[in-house]
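The structure is shown first, and the text follows.

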Amino acid sequence: MQRQSASYKYILGQRTFEFNDLKDLMAKATPARSGDRLAGVAAENSEQRAVAQMLLADLPLKTFLQDLLIPYEEDEVTRLIVDEHDLVAFSLISHLTVGDFRNWLLSDLATPKVLAQVRPGITPEMAAAVSKIMRNQDLILVAKKCHVITAFRNTVGLPGHMSTRLQPNHPTDDVTGIAASLLDGLLYGSGDAVLGINPATDNVAQATKLMQLMDEVIDKYKIPTQSCVLTHVTNTLEAIELGAPVDLVFQSIGGTQATNSSFGFDLSILAEAEQAALSLNRGTIGNNVMYFETGQGSALSANAHHGLDLQTCETRAYAVARKFNPLLVNTVVGFIGPEYLFDGKEIIRAGLEDHFCGKLLGLPMGCDVCYTNHADADQNDMDNLLTLLGVAGCTFIMGIPGSDDIMLNYQTTSFHDALYARKVLGLDPAPEFKHWLDQMNIFDDVHNFVLNDSLPNAFSASLNNILEQ
Amino acid sequence: MSELLLQEELVVKHTVDNSWHVLRQYTAARIGLGRAGISVPTKHLLDFQLAHAQAQDAVHLPLNIEQLKDDIERLKTDIEQPYKADDASAIHSLAVHSQVNDRAHYLQRPDLGRRLDADSADLLKRSAAPAEEPYDLAIVIIDGLSSFAIQKNAPPLLQLLTQRLTQQPLSDDKDETCRLAPIVIVQQGRVAIGDEVGELLNAKLVLVFVGERPGLSSPDSLGLYLTWGPKVGLTDESRNCISNVRPQGLVYQEAVNKVYYLLSQAHQRKLTGVNLKERSQQIEGSLLEDGKEQRNKNFLIS
């Protein structure tokens, strides 16, 4: 099955460039980033990177079905990728090299309909390989053609739409503090992807309390959206058994079995969790019940990357995600820190790669457009990435008061930022949610994204409640 | 006249305040900022930029070693530092360096920030306690991701901690004093470098002060890490951590109370890490029961 290592060789003029194996070639063809340097897998210089990209472009796509980057016997993610691969869907592109695959994706032959048909024939490694030889505009252009629509209590991912996760985190999970951020977000039109809290205290009792809090808000204001507490999948399973109102099941996932076992789960637990959430039958218009988060660097930080580059590991995580029909998948691109993605340029590139690869593989891909204070990045870099992703048709972004997550200590997109993207790019929230925003008088003119200058009636009573105390 | 009035109205109305900004008294989240069109008003934009500038400066500002050594020497304490050569009344400190070259290198190579350079290792070996008479405690002060946190918080925290250790020795035997190693100041270090320092000095227990990853509203946050039997290669599960030590967070006296508790437990039980953590989780569990009863109490619902 294994190709001879000698076959990864490129002759440029008088010189021969050799690569140890396919994963070495993939890593050296990857646009520069600090995490690959930390792992010792990055190209030694720019010329070697450019040559690796030329050699990679010459490889037939079929190579990735034979030369497995992590052995089938060692890794259940590899087994998932191989066992689920659809040869009939692949037949449309099976004659292509990686370089021609890029040309084909950019061509008018690759319509949204055709791209959806080919999807099950594309493996994560093929997606990762082609992304490595694509410019940012290529990643945007092709991603925009990949339509992925999911539903629970509203419809996520329609072309011309962008949803937002309302993220009302609080450092002590204080219910009044969380409610204040929820109110702020709803009044800025945020929250159609999900109301999603990262709990400060991570256990079943706390998760259940926060699930109930959000369930009551959704119920009282009749909000066509869903909630999620981002706790470990096993906590959510336990909460379901206890009768908690679970809309979406959350889990952080990675692209190798060892990464996932460091996260404390395997594929059978995800399957069990999806079934448990489906059994609650809480979706009104759809049955996508999973919410996954990913991010380049997670496998390396768990020392579970098998010598693969960051981005190839990340794309393999999408095979895990698509097995379980998620409502939302979120790449938390700039959270991990500068030892993995050093600056704004590397964060922006990674965000576009993840969005493209996720969409190509059929995922409802969103992005936490974010950075930490020790990365060489700022709000301007986030404006750039947000705008690029908005153009690319990104499924959803985060929304947080004033960009400042006071619990996780990082900066992500604000409620204001989402409205900026809506206004300049004409991006609507989910149609059911838009209708609700209109009915609640949160916007004066919801079609032109003009907010109401005064507090809508339905919320003024609640605000008076607390002010009178 | 009517045109002028219209213009005045535009001037007055170009930013919108949010009546719910009063909820800021319940949360540090940046809620109710108001808006100019749909954008953040100038005042809040500039406030954010200042906070980000302070957080970034905290990462890049080099630790002022001379100042810190000076501040430490001026502390008033009677703590015992055996094998100390010179001035007996001042706290003895040593400055060392990791294998990292500069800040950009530091940010990209956490592995090198966990190891001492060769000169530093030699210096510490010369200050080591004899094999059969280890130090009770080594305190290692590391710049980490915020030199600002160290410069500001390490001296007052060290003052309170050494006072406490003088009054209340770690061992049960009241006649015994706490044998403190020279204070070690590390530049361009990560938490785990404390283990190498502790091992070279021959200390039973190492306590690390480190500048934490700065948050937007907390550029001066100091973290405390504790390892029993420090040696190179230990990971987070062997340590206990106390986070967010700063005047607006966990105040010095509370931090000293917590860390003294852990230090004395570590000396008694001869361990740190997961097994000490379990106790604190039990405490958390009991707090949750109270929270459960009050879960419905939020203004959006009631």
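## The sheet of chain B and its helices

In chain B, helix 7 (residues 147–167) lies across strand 2 (138–142), strand 4 (205–211), strand 5 (222–228) and strand 6, and runs at about 135° to strand 4. Helices (H or I, at least four residues) and strands (E, at least two) are DSSP runs, numbered from the N terminus. Angles run from 0 to 180 degrees between N-to-C directions, with axes fitted as lines to C-alpha atoms, for helices over the stretch in contact. This is a predicted model, in which local features need pLDDT of at least 70, side-chain atom pairs count only at pLDDT 80 or more, and totals for chains, interfaces and linings use all residues. Residues are numbered from 1 along each chain as its sequence is written, while chains are lettered from A and ligands numbered from 1 in the order in which they are written.

Helix 9 also packs on the sheet, touching strand 4, strand 5 and strand 6 of chain B.

| Helix of chain B | Residues | Strand of chain B | Angle |
|---|---|---|---|
| Helix 7 | 147–167 | Strand 4 | about 135° |
| Helix 9 | 252–269 | Strand 5 | about 10° |

The open sheet of chain B has six strands in the order 1-3-2-4-5-6, with mixed pairing (two strands pair if DSSP finds at least two bridges between them). Strand 1 (93–97) and strand 6 (239–245) of chain B each have a single partner strand, so one side of each is left without a neighbour in the sheet. Strand 1 pairs with strand 3 (residues 183–187) of chain B in the parallel sense over five bridges. Ala95(B) stands opposite Ile185(B) of strand 3 of chain B.

Note on methods. Contact = placed C-beta atoms within 7 Å.
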